[in-house]
Amino acid sequence: MQRLKGILMIVTGAMLWGATGPLMEWLLSETPLTVPFLLTIRLTVAGVLLLLFLRVGLKKQVSTIWKQKIWLKQLFIFSIFGMLGLQYSFVATIDASNAIVATLLQFLAPIFVVLYVSLSMKKFPPRYQVLGILGTLVGLFLLLTNASFDTLLVSRKALIWGVTVGLSFAFYTLYPARLMKEWGVLVVVGWGMFIGGTVLGIATGVWRSDEWGLLKDGTMIILLILLILFGTAAFVLFLSSMKYISPVETSVLSSIEPLTAMLISVLMFGATLGMWQLIGIVVMLVCVTWLSIAGDK
């Protein structure tokens with residue numbers, strides 16, 4: 001029963017996170033909203049909601065971490081380079097290409113994790129990891145070119161942002177392990193969202209933005225609320241599922257995320273994919289799953 005609970009959590013969380021991609025794509029393409037403004041609102045509000053839920057709903061102490069300078073430094077590094085880095089590069093990739101490409105490019109993260117571990121241990125990756133990496137890159141090539149050596153179906157800007165998504169996702173996965181073990185996953189994620197959103201807002205002077213006027217539109221407010229709720233719920237469900245199922249099961253079931261993004265993009269927003277692009281998606285998902293399963297062993 002507990003295992004079924006964990007599976008339902010990760011499947012629901014992956015579907016919700018997959019749905020946020022097409023929704024953000026629509027907002028960025030059909031409205032004057034910009035990436036910095038959208039992310040500032042999303043991260044700050046989501047962080048406040050999560051921290052309030054922990055403090056009021058679960059009666060947890062959420063401010064104690066601010067009294068520990070060593071942990072506070074790590075929290076800010078994670079918030080800026082992990083949380084904000086991942087979120088900004090993900091949304092920027094959507095803005096430069098589409099939700100399908102952005103969601104799949106974050107699956108490059110296991111490659112960077114393997115390379116980091118190999119370099120830190122000064123050992124060449126095992127054969128299965130090399131094969132998994134090569135297979136993932138082949139799938140990526142098919143996705144981005146539709147098997148044509150003369151055609152790149154996304155811009156260079158989108159490709160750079162997409163690789164950044166993979167790098168930042170790997171950092172997001174590796175760096176906060178001790179931090180989350182000490183203070184709890186939800187506390188770290190809540191403060192990470194709030195600090196990341198606040199830093200971005202200050203850096204971009206969000207208070208001077210003309211986009212505040214867009215929030216007078218009822219439809220816009222509803223879409224932003226859905227985006228915040230879906231994204232926050234996805235984080236909570238994803239991380240909570242790890243109590244009941246193994247990391248391998250979590251990783252494998254997370255493949256529902258890009259499939260959800262693809263399905264919504266095709267059915268609701270008219271996105272089209274070539275045959276070789278679809279094959280590339282399958283190859284990428286299979287190889288990433290293989291890297292996760294074999295890596296756990």
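**Helix packing and a cavity**

Guide: The axes of helix H1 (residues 2–30) and helix H12 (residues 256–269) come within 7 Å and cross at roughly 40 degrees. Axes here are lines fitted to C-alpha atoms, for helices over the stretch in contact, with angles running from 0 to 180 degrees between N-to-C directions. Helices (H or I, at least four residues) are DSSP runs, numbered from the N terminus.

Visitor: What makes H1 oblique to H12?

Guide: Angles under 35 degrees count as roughly parallel, over 145 as roughly antiparallel, 65 to 115 as roughly perpendicular and the rest as oblique. The angle is roughly 40 degrees, and H1 is therefore oblique to H12.

Visitor: Which residues of H12 does H1 meet?

Guide: With contact meaning heavy atoms within 4.5 Å, residues of H1 including Val11, Trp17 and Trp26 meet a set in H12 that includes Ile256, Ile264 and Phe269. The residues of this contact divide into 11 nonpolar, 3 polar and 2 charged. Ala, Val, Leu, Ile, Met, Phe, Trp, Tyr, Cys and Pro count as nonpolar, Asp, Glu, Lys and Arg as charged, and the others, Gly among them, as polar.

Visitor: Why are H1 and H3 called oblique to each other?

Guide: H1 and helix H3 (residues 69–96) pack at about 55 degrees, with their axes 9 Å apart; H1 and H3 are therefore oblique to each other. Among the residues making the contact are Trp17 and Leu28 of H1 and Phe90 and Ile94 of H3.

Visitor: How many cavities of 30 Å³ or more are there?

Guide: The count comes to 1 cavity, a cavity being a set of points on a 1 Å grid over the protein atoms alone where a 1.4 Å probe fits but cannot get out. The largest cavity holds about 40 Å³ of space, the volume being the space filled by probe spheres set on the points. Its lining residues, which have an atom within 4 Å of a point, include Arg42, Gln87, Met193 and Phe235.

Visitor: On what basis were these values computed?

Guide: This is a predicted model, in which local features need pLDDT of at least 70, side-chain atom pairs count only at pLDDT 80 or more, and totals for chains, interfaces and linings use all residues. Residues are numbered from 1 along each chain as its sequence is written, and side-chain values use heavy atoms, leaving out hydrogens and water.

Definitions and conventions:
On a 1 Å grid over the protein atoms alone, a cavity is a set of points where a 1.4 Å probe fits but cannot get out, and a pocket is an open set with protein on both sides within 12 Å along at least five of seven lines; lining residues have an atom within 4 Å of a point. Helices (H or I, at least four residues) and strands (E, at least two) are DSSP runs, numbered from the N terminus.
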